[in-house]
Every structure is written in C-alpha cells, then in structure tokens.
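Here's a quick tour for anyone meeting this structure for the first time. Have a look at the picture, then read on.

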Amino acid sequence: MKTYFVLFLVVLFMHTMTLVNVTVYDGELNGIVLWLSTVLFLIAVISFATEHRANKRTRG
C-alpha cells in the first residue's frame, strides 16, 4: 500500500472514532478513544518512517 493511503486511512479512522464517541456515546469512551488514537498515531509514524527510510536508501 502507498504511504499516503495508509496515513489517510489512519486519520479517517481517528476522526470517525472521535465523532462516534462524541455524538453517540456523549464522550463516555474518551479514555478508550484516546488510547486507540495514540496507537494509530504510532502505527502511522512507524509506517511513514519505514517507507521514508526505504526510499532514502534507494535514492542515495
């Protein structure tokens, strides 16, 4: 998968979780949503760093 597609999916999922938490659950799941958002952010950073490092090695 392309890096930008993975990052887009992560951001989309994070915003969807927040929207559902605020509108459906009235913010009752703030801790779980914050934890999941943090995990997704770390996955996105690791994915981007891995792809960036691979591209850097092939270019020079």
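A residue counts as buried when its relative accessible area is under 20%. Keep that cut-off in mind while looking around this model, which is predicted.

**Overall build**
- The protein chain has two helices and zero strands.
- Its radius of gyration is 15 Å, well over the 10 Å that the globule rule gives for 60 residues, so the chain is more spread out than a compact globule.
- Along the principal axes, the C-alpha atoms fill a box of roughly 50 × 15 × 10 Å.

**Surface and burial**
- Of the 60 residues in the protein chain, 17% are buried.
- About 5100 Å² of the protein chain is accessible surface, and 70% of that belongs to carbon and sulfur atoms.

**How the helices meet**
- Helix α1 covers residues 3-23 and helix α2 covers residues 30-59; their axes come within 10 Å and cross at roughly 175 degrees.
- Angles over 145 degrees count as roughly antiparallel, and that makes α1 roughly antiparallel to α2.
- On the α1 side, the contact includes Val6, Leu7, Val10, Phe13, Met14 and Met17, while α2 brings in residues including Leu36, Ser37, Leu40, Phe41 and Phe48.
- Sorted by class, this contact has twelve nonpolar, six polar and one charged residues.

**A closer look at Ser37**
- Ser37 sits in helix α2.
- Is Ser37 buried or exposed? Its relative accessibility is 13%, so Ser37 counts as buried.
- Leaving aside residues up to four places away in sequence, Ser37 touches Met14 and Met17.

Note on methods
Residues are numbered from 1 along each chain as its sequence is written. This is a predicted model: local features need pLDDT of at least 70, side-chain atom pairs count only at pLDDT 80 or more; totals for chains, interfaces and linings use all residues. Side-chain values use heavy atoms; hydrogens and water are left out. Helices (H or I, at least four residues) and strands (E, at least two) are DSSP runs, numbered from the N terminus. The radius of gyration is taken over C-alpha atoms; the globule rule is 2.2 Å times the number of residues to the power 0.38. Buried means under 20% relative accessible area, exposed over 50%, partly exposed in between (1.4 Å probe, protein chains only). Accessible areas come from the Shrake-Rupley method with a 1.4 Å probe; for residues, only the protein chains shown count as cover. Axes are lines fitted to C-alpha atoms, for helices over the stretch in contact, and angles run from 0 to 180 degrees between N-to-C directions. Angles under 35 degrees count as roughly parallel, over 145 as roughly antiparallel, 65 to 115 as roughly perpendicular and the rest as oblique. Contact means heavy atoms within 4.5 Å. Ala, Val, Leu, Ile, Met, Phe, Trp, Tyr, Cys and Pro count as nonpolar, Asp, Glu, Lys and Arg as charged, and the others, Gly among them, as polar.
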